[in-house]
Amino acid sequence: MSANVPPAARPVITGLGVLSACGPGPGPLAEAVTHGRTGFTEVRRFDATARRTRRAALLPDPLPLGDAVAGVIADACRQAALDEIPGEKDVAAPHGTTAPDGIPMPLLLALHSDLRTGETAARVARTVAGRWGVPGVTRVYTGACVAAGSAVADAAALIASGRHTRVLVAAGHLVEPGVFAAFDAGRALARDGELRPFSAGRSGTLLGDAAVAVVVEAEPAAERRGAPVLARLAGWGRSGDAYHVCRPVPDGEGLARAVGSALARAGVDPAEVGYVNANGTGSPLADRAEALALRRVFGRHLDHLPVSSSKSVHGHALEASALLELAVTVGALRDGLLPVNAGWLGPDPDLGLDLVLDGPRRTATRYALSLNSAFGGANTALLVAAG
């Protein structure tokens, strides 16, 4: 959908379900990120003794991924007031989930791409079908660290274009030995076992468990149902660097284009943005490129624009990361408390960011950005407005 085309309806978030290493639900997640209480522990789920790094943000007793995703979908639908089940479920809807009010609700699912992806997606669909009448997963996104961000952008576009009234987006990632070994072998994991975004001495990222779901809905439909509006998806943008298989374009131009597109779509001036939940993986190169991207977009406003990366607390959840960080950003706007950039050792003079350090910072801002980037140069930017 073009940024110049007026939306048929404004997309809003009416339901949110979260499971992370911080605990079940958005409450423990918000408490952890606003106070910088990290969830990193020694990996005991599998043998990591031969790895350079042996820490991650892990659920103590994880469910199978399909069950975890189905659980947060239930939580999101319940909060969105979609838990009233009619006597007859419509299991023949051609476009995805049929919600209790009879409106088709596509299911967009972000998962890691491996031999089990189709099986996990089918398991989620079967589980949810027994409750909401889901004939199948409409789309599965496997675009690594921007998978869920791409799904949310598509959901917002489907609603803003008038094609759908309501879209369900869900994502999940559990730390497993194969991916952990690949990141460790590629020297992408933090050598000292701490994720330190934008800090001097940062040495890489740490992985984390997460399952997250959101209900994205046309604002008029939410109002008619009396559903809670947690936040509004004011703008969204995507871009591709096509620079390197794993390194970001050094000047941040690709991510800057995604942010600019999100702002343009919303008709929001950069000076109106009051917080950025940055991609901030703790990678020396990626964090520097992101800081340059923000400077390209915000100019002098960046000197007083609060920035933090909630990955420093909950870890990098790969395919689920964008949805988990969207949940953090929504919570920050609702609570008026900005997350802490944990793991801080000292300033990197090349970055020049106004980082949220030491404790939560109060805010009354209306707009916040949630940013994600992936190997291969993919970028997503989601502009969230207070509900």
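**Note on the predicted model**

1. Residues 85-98 keep a pLDDT under 50, and the model gives this stretch 37 contacts beyond four places in sequence. Here pLDDT is the predictor's confidence in each residue, from 0 to 100, and a contact means heavy atoms within 4.5 Å. Over the protein chain, the mean pLDDT is 90, and 91% of residues reach 70 or more.

2. On conventions, this is a predicted model in which local features need pLDDT of at least 70 and side-chain atom pairs count only at pLDDT 80 or more, while totals for chains, interfaces and linings use all residues. Residues are numbered from 1 along each chain as its sequence is written, and side-chain values use heavy atoms, with hydrogens and water left out.

3. The protein chain contains 10 helices and 18 strands; these are DSSP runs numbered from the N terminus, with helices being H or I of at least four residues and strands E of at least two. Its radius of gyration is 19 Å, close to the 21 Å that the globule rule gives for 387 residues, so the chain is as compact as a globular protein of that length. The radius is taken over C-alpha atoms, and the rule is 2.2 Å times the number of residues to the power 0.38. Along the principal axes, the C-alpha trace spans about 60 × 50 × 35 Å.

4. Of the 387 residues in the protein chain, 58% are buried. Buried means under 20% relative accessible area, exposed over 50%, and partly exposed in between (1.4 Å probe, protein chains only). Among contacts between residues at least 6 apart in sequence, 79% join residues at least 24 apart.

5. Ala222 lies in helix α6 (residues 219-225) and counts as buried, at 0% relative accessibility. Beyond its neighbours within four places in sequence, Ala222 contacts Val12, Thr14, Glu217, Ala227 and Val229. The C-alpha atoms of Ala222 and Thr14 are separated by 7.3 Å, although the two are 208 residues apart along the chain.

6. Thr380 belongs to strand β18 (residues 378-386) and is buried, with 2% relative accessibility. Its contacts outside four places in sequence include Val146, Gly149, Arg238, Leu255 and Asn372.

7. The buried residues of α5 are Val179, Phe180, Ala181, Phe183 and Asp184, and they pack against β4 (55-57). Just after α5, Arg187 takes a positive phi of about 60°. Ala188 is partly exposed, with a relative accessible area of 24%, and it touches Phe183, Gly204 and Thr205, not counting residues up to four places away in sequence. The C-alpha atoms of Ala188 and Val384, 196 residues apart along the chain, are separated by 29 Å.

8. Two further backbone angles may be checked against the model. Most residues other than glycine have a negative phi. Ala81, which is not a glycine, has a positive phi of about 60°; Ala81 sits in the loop between α2 (65-79) and β5 (97-98) and is partly exposed, with a relative accessible area of 41%. Asp358, also not a glycine, has a positive phi of about 75°. Asp358 lies in the loop between β15 (354-355) and β16 (361-362) and counts as exposed, at 82% relative accessibility.
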